[in-house]
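Hi everyone, thanks for making the time. Let's look at the model together and walk through how its strands pair up.

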Amino acid sequence: SVVLAEMPSLVLGGAPPVRSSSSKVAGVSLDQPIVVEESSSPSAGTSAASSWGTTMPETRFGELSNGVRIAAVDRKGMCASVGLFVHTGSRYEKAESACIPHALELMAFRSSAHLSHLRTLKTLEQLGAAASCRVGREDILYQFDALREYVPVVLPLMLANVLCPSILEEEIQAARDTAVEMRQGLEENTEGLLCELLHVAAYKGNTLGHSLYAEEEDVSKFTVENLNDYIRRACRPERLIVVGVNVGFEDLCKWTARSFAEFGGLTQAQTQLPAIEPPEQAVYTGGDFRLERPNPLCHLMLGWEVEGGWNGTMLAAVTVLQMFLGGGGSFSTGGPGKGMHTRLYTAVLNRHHWVESCQASSVMYADSGLFTIYATLVPQYAGDFIGVIARIFKGLMQISPDELQRAKNALKSSIHMNLEMRAVMMEDIGRQLILSGKVGTTQEFGSMVDAVTVEDLLNVLRRCLKTEPTVVAFGAVEKVPAYEQIKKVIQQSCP
């Protein structure tokens, strides 16, 4: 009765109840002015406004008695973003069972001990909540966006994915069908396909090289027994992190604890399992993979290892290098933040008409990472493109102070702008906890970026280019040079 008394008032059907309001602006139409009573103290309003403008919302952290970690930051917004991070993924599995995390993604927000699949969907629809799940190599993220007063209703539905899923046979069959369709449609997202193939080739046969998505021959492993065993083994309380933005920390802790208390028997059984073994170290191998398909363009992705990944010493310098090289599409229009002055724009896209797009990027994991160049180009110029990239790398010996400062400013601006979105902030907090067990502030990252020098960029590029390159090509690949030739040209370009 106490729990029900604290639940928000819900109207899932019919007319809403009539509520009396004591608000001073109740009944005032939008075309009427509202008179705000001023404080008797002249300085009161000024001090309140200044404190509101300078006080940053604090991120608070906690841990339940069963090991579940909780983080929340309340920016006083009306809508909340809440996520459940499960510290598991394909890198922690053997190759033959690496498809099971993908099965969990496809089974998200289906039937549970709370509601059937249909009732779950109708509840989310009536509340105006948006729920989703995405699988990664190091984590699985369940998340929802809803009005903050509905968090106590939607949070148990999200936690039910790992606490009390029903895992019905008919829902598993639907997941099998979806997995096959996703695999067949993966080639429609060329950049996503190449990124997946790059990981498989770069970490061949180990950890981060395990496929993120289930192959058609893997769907037979989607069984009730396999999924129940995986949830019991991998989704243990100490591997769960609940993160909320625009939700009170105490409220998030309270409703999370109540959800686990309701299904305490399951979590107690999970804690009887053997201790979690330390993850296997990612071993970068480099490699070559080419997939020929009827396509008017050649899609080419080159990658090198960033040693140490998120927890290494190269993080800040690699990120600044990525922003310095920049890039984009040949038909992009100008404007602040479009990267029109980055090196790949000025020295590649503006000079070589046969390059449709060229972009530098990076992806970081707990113990390793990848620095990549992705380009789409006219097929007969594939060999020339390797030479162009080699000259770009060699040209990094000449970096002006203005160029370096522009890259730093663009990076810091991107960080602050993205963190204005509550869903991005929620995922950022969770990913940092997964990767390193701590959360850095924007001020700390800004200081790291400001400390990067031109010599740091050159050193990090040299260290990357010393590793074996990873080459992935898709489409019209017949003119792409041999792997050894690409390796030789790139390594000779080391500044």
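Strand β8 and strand β12 (residues 470-475) pair in the antiparallel sense, over 6 bridges; strands here are DSSP runs of E with at least two residues, helices are runs of H or I with at least four, both numbered from the N terminus, and pairing takes at least two DSSP bridges. Cysteine 298 has glycine 475 of β12 as its bridge partner.

A word on provenance: this is a predicted model, where local features need pLDDT of at least 70 and side-chain atom pairs count only at pLDDT 80 or more, while totals for chains, interfaces and linings use all residues. Residues are numbered from 1 along each chain as its sequence is written, and side-chain values use heavy atoms, with hydrogens and water left out.

Back to β8: strand β11 (residues 368-377) is joined to it by 10 bridges, again antiparallel, with glycine 303 opposite threonine 372. So how buried is β8 (residues 298-307)? Of its 10 residues, 9 are buried, so the strand is largely enclosed by the rest of the structure; buried means under 20% relative accessible area with a 1.4 Å probe, protein chains only.

Zooming out, the open sheet has 6 strands in the order β7-β12-β8-β11-β10-β9, with mixed pairing. At the edges, β7 (287-292) and β9 (327-329) each have a single partner strand, so one side of each is left without a neighbour in the sheet. Strand β9 is joined to β10 (residues 355-364) by 3 antiparallel bridges, and glycine 327 stands opposite glutamine 359.

Key: Buried < 20%, exposed > 50% of the residue type's maximum accessible area, 1.4 Å probe, protein only.
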